[in-house]
Amino acid sequence: MTPFTFSTTQSLICEPGASDRLAEIAASLGMQRPCVVTDGGLLGSGLLTPVLAHLRAAGLTVTLFSEVVADPPEAVVLGALSQARDGRCDGVIGFGGGSAMDTAKLVALLLNNGQRLQDVYGVGNAQGKRLPLIQVPTTAGTGSEVTPIAIVTTGETTKQGVVAPQLLPDIAVLDARLTLGLPPAVTAATGIDAMVHAIEAYTSKHRKNPYSDMLAREALHRLARHIEAAVQTGHDEQARSEMLLGAMLAGQAFANAPVAAVHALAYPLGGVYHIPHGLSNSLVLPHVLRFNLESARHEYTELAGIILPQQEGHADDAAERMIDYLEELAVRLALPTRLRELDIPESALGRLAADAMLQQRLLVNNPREVTEADALAIYKAAW
Ligand SMILES: NC(=O)c1ccc[n+]([C@@H]2O[C@H](COP(=O)([O-])OP(=O)(O)OC[C@H]3O[C@@H](n4cnc5c(N)ncnc54)[C@H](O)[C@@H]3O)[C@@H](O)[C@H]2O)c1
Ligand SMILES: [Fe+2]
């Protein structure tokens, strides 16, 4: 067996309604002046109102930063940092999807260690310790609550990752009730993102290991069975709980066995065309998997046994059937399936392929080597 290491968030609280106890959870980490990092949509939804009231009633002095936007640019991270500094915050609570949680991670790190944002991009460049950090996901998607990663939009169209063990939070609070009002299109896209995390972790070239495999399988078992109910019947607490847990399990898998070409080809779509992260993944997913088939047939066949609803037909083509099934799933979830539906001109595909090549951090994990010509062919198939 190949040697491996495995890290995850130290403490997981998985319980509908658990966010009602956030004040006591924050106090258990010694927080007295937490910075709550969220986005305007969530603040407007009223979801945070009882949480903030509880925190304040418990005597905590809350600094609220609610200006996170999807795919947070550097200015958002710096704004949150400055507000937390002004509030003399001694801990950070990320409340929202990946965008809010990633911003919260960087605030907790940079407020304490004094490094500049531009100095921590890349792998292992963070120094020192961060402030206490709690993450409360409100989408079942990124798994950011259990990953040592934060993604920042650095230019007009480019994204950079900070990968450092300090970014793993102290506590993740999984309260499925917070996800009951997540709109169908966001539920679908973030749910597919989580499925992609599990699929790519399962074929990750260098760091795939028995632990990440177990998590990826368990994640897919839950996500594949419940994604349609969560999209169609948003208030189904059981389906929402399964999705939130599945997304976290997938996050634990890919935090230790990193994602690959689906994400590498998805990032330019988000960067250039501001397509949501999960939808970007969904658009290229079947085409990347078909490209990978010659190198990952064995693993895809194993996953087909988990993803496909019933086992019929021949095992020889189970991998192809799984890819077809995932392609049809996007249609059933009412997601766009073609790049041209999103007003991406065919003439832009060359630039997208060149941009995807910049994501070497991810491409090295792909089971099959991807050249720029391959990336272009995949975008053409997705167009
Ligand atoms: N850190 C990681 O490991 C990791 C992994 C994958 C992606 N990411 C990053 O995460 C970001 C994407 O995160 P995301 O897909 O969770 O989306 P998001 O955080 O951008 O949120 C999407 C939208 O959903 C809304 N929303 C969130 N929760 C809601 C709820 N419960 N009810 C109603 N509306 C709600 C938000 O207001 C927002 O408008 C990207 O920046 C991506 O690069 C990070
Ligand atoms: Fe993702």
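Two residues are in contact when heavy atoms of theirs lie within 4.5 Å. The legends below describe close-up views of a predicted model.

**View 1. The buried residues of helix α15 pack against α10, α11 and α13.** Helix α15 spans residues 372–382, and Asp-374, Ala-375, Ile-378, Tyr-379 and Ala-382 are buried in this helix. These residues cover an arc of only 135° around the axis, which puts them on the same side of α15. The helices against which they pack comprise residues 261–273 (α10), 277–307 (α11) and 349–356 (α13).

**View 2. Ser-212 is located in helix α8, residues 210–232.** This serine is buried, with a relative accessible area of 0%. When neighbours within four places in sequence are left aside, Ser-212 is in contact with Arg-207, Ala-253 and Ala-257.

**View 3. Ligand 1 is surrounded by 30 residues.** The closest are Asp-39, Ser-99, Asp-102, Thr-138 and Thr-147. By residue class, the shell consists of 12 nonpolar, 13 polar and five charged residues. Helix α5 gives the most to this shell, with four residues.

**View 4. Ser-144, Ile-149 and Leu-178 each place an atom beside a nitrogen atom of ligand 1.** For Ser-144, a polar side-chain atom lies 3.3 Å from a nitrogen atom of the ligand. For Ile-149, a backbone N or O atom lies 2.9 Å from a ligand nitrogen atom. A backbone N or O atom of Leu-178 also lies 2.9 Å from a nitrogen atom of ligand 1. On its own, ligand 1 has 880 Å² of accessible area, of which the protein covers 87%.

Note on methods: Residues numbered from 1 in each chain as written. Chains lettered and ligands numbered in written order. Predicted model: local features only at pLDDT ≥ 70, side-chain atom pairs only at ≥ 80, totals over all residues. Heavy atoms only, no water. Helix = DSSP H or I, 4+ residues; strand = E, 2+ residues; numbered from the N terminus. Buried < 20%, exposed > 50% of the residue type's maximum accessible area, 1.4 Å probe, protein only. Arc of directions from axis to C-beta. Near = heavy atom within 4 Å. Polar contact = N/O pair within 3.5 Å; in protein donor to acceptor, adjacent residues only side chain to side chain. Areas by Shrake-Rupley, 256 points an atom, 1.4 Å probe, with all protein chains shown as cover. Nonpolar A, V, L, I, M, F, W, Y, C, P; charged D, E, K, R; others polar.
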